[in-house]
Amino acid sequence: MTHFLAKASFAALIALASIPFAAPNASASELGRPPVVSVQYRPVYACSPVQAVRKARFAGLHYARITNVTPRRVVVSGRNYRGWDQMVFANVRGCPLIRR
């Protein structure tokens, strides 16, 4: 029984002794400075649908709209002076034209 009491009192002593050390560490970051927020900006490596529509309109496609987006390509449909037409852009930075 004394062995159990010795272990319990030793555990209580360690628990009580560690409380004052934990409190200042937790409140050390609240000294009036704002918390540090890590923001990571990811560069754009894909063709945005807005950019694809702009390029299609600049190339002469009227009523341009997105009809299909896949990981490899962006398809824009619309009208030109001959009738309905499609433009296919690669889904990479800069939206290079694959076919018209």
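Of the 100 residues in the chain, 20% are buried, that is, under 20% relative accessible area, with exposed meaning over 50% and partly exposed the range in between (1.4 Å probe, protein chains only). The model is a predicted one, in which local features need pLDDT of at least 70 and side-chain atom pairs count only at pLDDT 80 or more, whereas totals for chains, interfaces and linings use all residues. Residues are numbered from 1 along each chain as its sequence is written, and side-chain values use heavy atoms, with hydrogens and water left out.

The secondary structure comprises two helices and four strands, which follow one another from the N terminus in the order α-α-β-β-β-β. Helices (H or I, at least four residues) and strands (E, at least two) are DSSP runs, numbered from the N terminus. The accessible surface of the chain amounts to about 8300 Å², and carbon and sulfur atoms hold 63% of that area; accessible areas come from the Shrake-Rupley method with a 1.4 Å probe, and for residues only the protein chains shown count as cover. Among contacts (heavy atoms within 4.5 Å) with a separation of 6 or more, 28% are between residues 24 or more positions apart.

The largest nonpolar core consists of 11 residues, namely Cys 47, Ala 52, Val 53, Ala 56, Leu 61, Ala 64, Val 74, Val 76, Met 87, Phe 89 and Cys 95. At least two residues of this core are supplied by each of helix H2 (49–58), strand S2 (73–80) and strand S3 (83–90), and the largest share, three residues, comes from H2. A nonpolar core is defined as a set of buried Ala, Val, Leu, Ile, Met, Phe, Trp, Tyr and Cys residues joined through side-chain atoms within 4.5 Å.

Although Cys 95 is not a glycine, its phi is positive, at about 50°. Most residues other than glycine have a negative phi. A positive phi, of about 55°, is likewise found at Tyr 63, which is not a glycine. Tyr 63 lies in strand S1 (residues 62–69) and is classed as exposed because its relative accessibility is 65%.

Side chains of opposite charge can pair when their charged atoms come close. Asp 85 is buried because its relative accessible area is 16%, whereas Arg 100, at 45% relative accessibility, is partly exposed.

Asp 85 also makes a side-chain polar contact of 3.3 Å with Asn 80. A polar contact is a pair of N or O atoms within 3.5 Å; within protein, one must be able to donate a hydrogen and the other to accept it, and residues adjacent in sequence count only if both atoms are side-chain atoms. Asn 80 is located in strand S2 and is buried, at 8% relative accessibility. The side chain of Asn 80 also reaches the backbone nitrogen of Arg 82 at 3.1 Å. Beyond neighbours within four places in sequence, Asn 80 is in contact with Gly 60, Leu 61, Asp 85 and Arg 100.

Ser 77, likewise in strand S2, counts as buried at 8% relative accessibility. The side chain of Ser 77 makes a polar contact of 3.3 Å with the side chain of Thr 67. Beyond neighbours within four places in sequence, residues in contact with Ser 77 include Leu 61, Tyr 63, Ala 64 and Asp 85. Ser 77 and Val 53, 24 residues apart in sequence, have a C-alpha to C-alpha distance of 8.9 Å.
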